[in-house]
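Biologist: I am new to this structure and would like to learn how to read it. Could we go through it one feature at a time?

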Amino acid sequence: MKKIGPQLQTLTSRLANTPVDFLDEPRIGSVGRLVVAALVNDAFKKYGHQLSIDELRLFEGVDQATDRNRLKLVSLAVWLLNDAWFAQVDLQSSELLTFLNASITQLAESTKANKCVEDSDRREEFARYFLARLDYRPEGESEAQAKDRLSALSSTERQRLLDESRDAEKRAREIRQALARKAAEQSADKWTRE
Amino acid sequence: MTSYFDPERYPTLSDEGAEMLRYLTEHPNAPIYRDESGNRLTAADLDELKALERKLTTENIDWAVSQHPSWLEQFLEYVYREVPYYRAQGTAPAFRHIQSISRAHLSADIAAFVPDDIPIERMINFRTTGTSGNPLLLASHPRVAATYLLFHQRALRRFGVELEVGANHVGVVLVGHQTRCFTYVSVTPMLGESGLAKINLHPNDWRHPDDRTIYLDALNPEVYTGDPLTFNELKKLPLTTRPKALISVGMMMSAGMRADLEAHFNAPVLDIYSLNEAGPIAVFDNELDGHLLLQTHLYVEILDSQGNTVEPGIRGEITLSGGFNFCLPLVRYRTGDYAALVDSPEGPVLKELSGRAPVRYQLENGEWINNIDVTHALRPIPLAQFGLHQNKDKSLVLYLAPSSMTHHQRCLEALKHVFGNLVINVKQIEKEDKILQYTSDLIEGFIQ
């Protein structure tokens with residue numbers, strides 16, 4: 001976070017206006033249309049880098065369960081990299097590859113790509129995460145401020161998980177209550193009763 | 001007339017359907033209907049069911065004993081995303097490495113197995129009779145309950161039976177024979193509101209015992225459904241009408257009894273292997289000498305006690321994945337029932353299916369009662385597992401799981417209402433495995 005990046009608003013607005021092409025289902029096996037490896041290849045070319053076939057294969061999914069969300073996040077990251085602001089900076093191949101592969105994989109464990117577009121908090125989280133992992137901070141913020149805010153977002157992330165956990169408990173309670181209520185209402189017709 | 005219109009129980013009821021409800025209820029020889037149910041199907045539900053019906057007419061099972069179904073991968077992706085129990089485990093492992101689950105898992109917390117994308121508002125439950133141990137309260141939906149019919153029709157067509165459409169006749173009578181039985185009337189919208197009655201043959205539910213014959217002859221249903229014990233009682237009535245078919249679920253049906261019933265009723269008797277957890281799974285086919293699977297989106301494996309898939313033709317525990325109950329998608333669910341699985345030209349077949357054998361017990365006065373009466377008597381008591389055995393001298397032994405021994409006094413009190421002064425000893429179940437729940441030393445206790 002030593003380097004000054006674009007205004008945060010630039011990135012969050014860009015995320016909110018992600019074109020449908022970048023939101024397409026990533027190609028995994030025979031499913032999906034968006035070839036994420038091709039997007040990554042184009043992004044590297046803009047910086048004058050060439051990835052090997054093996055490196056590009058990191059962005060070809062093999063398993064819907066493990067790769068879908070990760071590849072969707074990668075395509076969002078490439079969409080941010082396409083912002084005009086990044087055309088003026090020099091990003092090294094290794095740091096770009098580490099970011100798009102390792103950092104995004106880590107993020108994918110806790111963050112859903114769709115929410116990074118649809119939800120304002122998650123847009124900010126994704127934008128800050130994106131900048132920090134490329135060693136930038138938002139314009140107008142000191143390093144300390146940016147770190148504090150990122151720490152706060154880490155708390156936010158923890159809070160989100162807690163909230164999700166609470167929501168899950170609430171839903172489970174509601175399901176049990178609903179089933180208990182319907183037990184009194186004697187269910188619905190079946191032609192046989194086991 | 002207007003009292004039969006109930007937008008919750010019968011959202012699409014027509015005048016003709018209401019007339020059928022009135023006929024079933026107000027017939028001079030009708031039983032005392034003690035409960036209420038309803039199809040609860042909306043117009044949108046019926047559209048979806050029609051679409052599913054069309055799909056099922058052309059769709060066949062696309063897997064074989066040693067080959068996974070085409071839909072399995074996508075199904076697992078959905079389950080590991082939407083079902084809390086599986087999502088908590090992270091990424092789905094290879095199918096063969098997924099840990100199987102049992103009734104105990106569902107009993108412990110059914111909510112963890114309900115997908116997050118299923119609305120709660122219209123959820124209903126199927127309560128099992130607990131014939132194999134743990135009582136279960138399963139999440140379901142009116143559309144799921146209605147889908148049973150589609151698989152019954154699939155089975156009936158194999159026997160050349162087509163159901164009629166229209167509110168001018170009774171489609172089905174569900175027969176019970178217990179001292180206390182859940183009874184109601186309804187109509188089946190998918191069959192043009194043909195009549196449906198769930199009755200109890202026990203004389204307690206009738207103003208006069210002879211009313212049973214008069215009423216059932218008047219209804220003249222296309223199909224009777226029940227179990228071997230209840231059909232044995234139905235057979236005793238001097239009915240002059242004959243159904244197109246009988247459908248037996250919930251208990252093992254011996255070949256001898258099936259032949260006897262088919263001769264008596266002059267109609268095919270369909271022995272359907274069906275579970276509350278998965279609906280109608282398979283129908284017995286004489287030519288295939290086994291139960292032919294019915295559901296296109298239910299994958300059946302046979303596992304050994306270590307959870308490994310056995311070789312084709314080797315007996316093991318029937319284990320289910322998929323199913324049509326979208327409130328409770330199953331992943332490697334061990335049923336507690338046993339069979340071998342083999343391929344046939346018509347699809348996979350369960351051979352030598354066994355699990356639940358019908359048993360009846362003799363009272364002091366010589367009268368016989370159904371094992372379901374025992375299930376019902378003990379149902380209010382939170383028993384993890386129990387079994388009941390009758391000795392030759394009519395005395396009984398109640399087997400309880402170690403964790404249930406604290407309830408033994410309540411059990412004895414409940415059973416006293418059923419068995420009067422017969423001696424009942426209590427013993428602890430030593431093995432953790434599923435036990436044969438109802439057994440008897442009296443030869444007449446088993447209906448052959």
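**Reading the sheet and its surroundings**

Modeller: Start with one pair of residues: B:Thr225 stands opposite B:Ile247 in strand 7 of chain B. The chain gets from strand 6 of chain B to strand 7 of chain B by way of helix 8 (residues 228-234) of chain B, a β-α-β crossover that is right-handed. Keep in mind that this is a predicted model.

Biologist: In what sense do strand 6 and strand 7 of chain B pair, and over how many bridges?

Modeller: The general idea is that strands of a sheet pair through backbone hydrogen bonds, either parallel or antiparallel. Here strand 6 of chain B and strand 7 (residues 245-248) of chain B pair in the parallel sense, over 4 bridges. Strand 6 of chain B also pairs with strand 3 (residues 170-176) of chain B, again in the parallel sense, over 3 bridges. In that pairing B:Leu174 is the residue opposite B:Thr225.

Biologist: Which way do the residues of strand 6 of chain B point, and are they buried or exposed?

Modeller: In a regular strand the side chains alternate between the two faces of the sheet. In strand 6 (residues 223-226) of chain B, B:Val223 and B:Thr225 point one way, while B:Tyr224 and B:Gly226 point the other way. All of these are buried.

Biologist: How many strands form the open sheet in chain B, and in what order?

Modeller: The open sheet has 12 strands, in the order 4-5-3-6-7-8-9-10-14-13-12-11 (chain B), with mixed pairing. At its edges are strand 4 (184-188) and strand 11 (298-303) of chain B, each pairing on one side only. On average, neighbouring strands of this sheet are turned by 35 degrees against each other, direction ignored.

Biologist: Where does helix 3 of chain B pack?

Modeller: Helix 3 (residues 72-82) of chain B packs on the sheet, where it touches strand 11, strand 12 (316-322) and strand 13 of chain B. The direction of helix 3 makes about 145 degrees with that of strand 13 of chain B.

Biologist: In what sense do strand 13 and strand 14 of chain B pair?

Modeller: Strand 13 (residues 330-342) and strand 14 (residues 349-354) of chain B pair in the antiparallel sense over 4 bridges. B:Leu341 stands opposite B:Leu350, and B:Tyr338 stands opposite B:Ser354. Their hairpin has 6 residues between the strands, and B:Gly347 takes a positive phi near 125 degrees there. Strand 14 of chain B is also joined to strand 10 (residues 290-293) of chain B by 2 bridges, and these two run antiparallel. In that pairing B:Leu292 is opposite B:Val349.

Biologist: How many residues of helix 10 of chain B are buried?

Modeller: Helix 10 (residues 371-378) of chain B is mostly covered, with 7 of its 8 residues buried. Among them are B:Ile372, B:Val374 and B:Leu378.

Biologist: Where in chain A is confidence lowest, and where is it highest?

Modeller: Where pLDDT is low, the predicted coordinates should not be read in detail. Chain A averages a pLDDT of 86, and 88% of the residues score at least 70. Confidence in chain A is lowest in helix 10 (residues 143-185) of chain A, at a mean of 70, and highest in helix 1 (residues 8-16) of chain A, at 96.

Technical notes:
Residues numbered from 1 in each chain as written. Chains lettered and ligands numbered in written order. Predicted model: local features only at pLDDT ≥ 70, side-chain atom pairs only at ≥ 80, totals over all residues. Heavy atoms only, no water. pLDDT = per-residue confidence, 0-100. Buried < 20%, exposed > 50% of the residue type's maximum accessible area, 1.4 Å probe, protein only. Pairing = 2+ DSSP bridges. Right-handed = clockwise from strand over helix to strand, strands pointing away. Axes fitted to C-alpha atoms, helices over the stretch in contact; angles between N-to-C directions. Contact = heavy atoms within 4.5 Å.
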